[in-house]
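Look at the chain below from end to end. Then read on for a short tour of its parts.

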Amino acid sequence: MNFLETLRNIWAIEDLRKRVLFTFALLAVYRLGSHIPTPGVDPVALAEFFKTAGGALGFLDLFSGGALRRLSIFALGIMPYISASIILQLLTVVWPYLEKLSKEGEMGRRKINQYTRYGTIVLSIVQSLGVAFWLKSQPAPGGAPLVPLAVQDWFFGIGFPIMTVLTLTTGTAFVMWLGEQISERGIGNGISLIIFAGIVVNLPHAVFGIAEDVLNGQRNLFAMLALIVFMAAVVAFVVFMERAQRRIPVQYAKRVVGRKVYGGSNTYLPLRVNTAGVIPVIFASSILVIPQTLASMIKTPWAQAIGGQMRVGEPLYYLLQVVGIVFFCYFYTSIVFNPVDTADNMRKYGGFIPGIRPGKKTSDYIDRVLTRITFVGSLYLAAVCILPEFLIAGVHVAQLPFGIGAALDRSLPLWFTEGMGFNFYFGGTSLLIVVGVAMDTIQQIESQLVMRHYDGFMKRGRIRGRRG
C-alpha cells in the first residue's frame, strides 16, 4: 500500500513527474533508434550470422540492447563513451595535467568531461571503421555476403565505409547526448540507465517464454519456482554487498577562527567493500572473449584447442575469470581511491583516526583496511559472475590433466560436472549492472520525495544506493 501511495506522490509532484516522464521519453527514443538499420547491410544475412556468432560480439551486443545484432544506427551503443571515460581515469593517474584538472573542482570536471566527449568521437570513428571493413569481409553462414556486392563497390569501394562511419559515429554521439540530457533534466544517471534499458528490454519476452515452457510441460513448475526463489536470494545478496561498508571512525579537533569554533565532531570514513563496482567484471570478461573470437577466425588446431579451453564450463575459463576479477578489483580500486590523498585531507582539516598518528601512519592503516575488504569484494564479484554459468554448464573436470580429471569426473555428481540446465536471462555482469542502477535510481527518486516532505518507498528507513 505504501508503494502505491509513493507512486501517487511521484505523480503529484510536478517537477518530479516531469523528470520521470522526460527520462522515459528519451529512453523510448533510444529504443526506437536501436531498430533503425544502418544502410547497405543485408538484415537477413546478418541475422543468420549472429545465430552462430558469440564471443566478443555477443558480449558487446549485451550492452547495446540488441542494436549490434541488428546493426542499427546505435550499434556501437554507449561503449565508446565508457571506454573513453575509463581511459581518462587511467590517464589521470599518470598524466600530471589531468591530475591537476581532477583537483580543480567543477571547472576541472567539465574540462575532463569535454575530453571524454572528444575521446568518444575518436573511438567511435575507429570502431565504426573496423565494423565497416569487417562487414565487407565476413560472409554469412549460408555463403551470402553481409554487404551486397553492389554496395561494396559503390563510389570506388569507399562509399560504404564512409557511410558506416558517419552513421555509427553520429548514433554514438546522439546516445551520449541522450545520456547527458537524462542526467541533467531527468532522474538517475543517464549513461547507466541507457545500459540498463538495453539489458532489461528483452526481460518480458524471456518471462513469457519460460511461462509458455511450463504450460507446455517442457519445464518443471516446482523447479522454476525454486529457481525464482534462488535468484531472489542472489539479488538480495547483491544488494547487501553493494551497500556493505567498512566505517573507520574519524574525529576532528576543535579550531578557533576569530570568534567561531569549528570541528570537534565525530564522523566516519566509509570504505565500500566493492569500491571498483562492475568495472573489473567488464575488464575480465572482455579479455576472456578475445581467445574465443580469435579461435573462430583462425582455423588451426592449436587455436581451436585454446578456444575450446576458454569456453564456459571449462576449469581454465573459471580460473582465469576469478584471477582476472581479483586483479582488476585491486587495480581499479588503486586508481579511484588514494589513501595518501585521503590522509592528507584529513590532516589538513584537523581530522584523525583514534589511535593512529596522522600522516603516513593513517594512510598505511587505510590502505591495509582497503586491501582486506577489496579481497572480500573481489571474491563476491567472482562468485556472482560464476554462479549462473556454473548452474548452466557445470565444471567439465574431465579436461584436467594427469588423470585427475577422469577420477573427479567419476566421483562427482552429474549436476556438478554437467550443470543443472537452467537458462538464466541475467548473467553475472548483467545482474550487477541492473541491480546497481536500480538501487541508485530509486534512491534518487526517494531523495526527491523526502526533500519535499513526502514519505519514501518504505515506512521505516530509507532506500540507499551503492554509495548511500
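This report goes from the whole chain to its cores, its sheet and its cavity.

**The chain as a whole**

This is a predicted model. The chain has 468 residues, and buried residues make up 42% of them. It holds 21 helices and five strands.

**The nonpolar cores**

In soluble globular proteins, nonpolar side chains tend to be buried together. In this model, the largest nonpolar core has 48 residues. Which of its members touch the most others? They are Ile78, Val238, Val281, Ile325, Tyr380, Leu381 and Leu432.

Take Ile325 from that group. Set aside its neighbours within four places in sequence, and Ile325 is in contact with Pro280, Val281, Ala284, Ser378, Leu381, Ala382 and Cys385. Two of these partners, Val281 and Leu381, also belong to the group that touches the most other core members.

Strand 1 and strand 5 run antiparallel and are joined by two bridges. In one of the bridges to strand 5, Gln251 has Phe352 as its partner.

**The cavity**

How many cavities of 30 Å³ or more are there? The count comes to one. The largest cavity holds about 30 Å³ of space.

Its lining is made up of Val273, Asn274, Thr275, Ala276, Cys329, Thr333, Thr374, Gly377 and Ser378. By type, the lining has three nonpolar residues, six polar and no charged.

Which helices each supply at least two lining residues? They are helix 16, which spans 315–336, and helix 18, which spans 360–393. Helix 18 gives the largest share of the lining, with three residues.

One residue ties two parts of this report together. Ser378 lines the largest cavity, and Ser378 is also in contact with Ile325.

Key. Residues numbered from 1 in each chain as written. Predicted model: local features only at pLDDT ≥ 70, side-chain atom pairs only at ≥ 80, totals over all residues. Heavy atoms only, no water. Core = buried A, V, L, I, M, F, W, Y, C linked by side-chain atoms within 4.5 Å. Buried < 20%, exposed > 50% of the residue type's maximum accessible area, 1.4 Å probe, protein only. Contact = heavy atoms within 4.5 Å. 1 Å grid on protein atoms, 1.4 Å probe; cavity = no way out; pocket = protein on both sides within 12 Å on 5 of 7 lines; lining within 4 Å. Points joined across faces, edges and corners; volume = space filled by probe spheres on them. Helix = DSSP H or I, 4+ residues; strand = E, 2+ residues; numbered from the N terminus. Nonpolar A, V, L, I, M, F, W, Y, C, P; charged D, E, K, R; others polar. Pairing = 2+ DSSP bridges.
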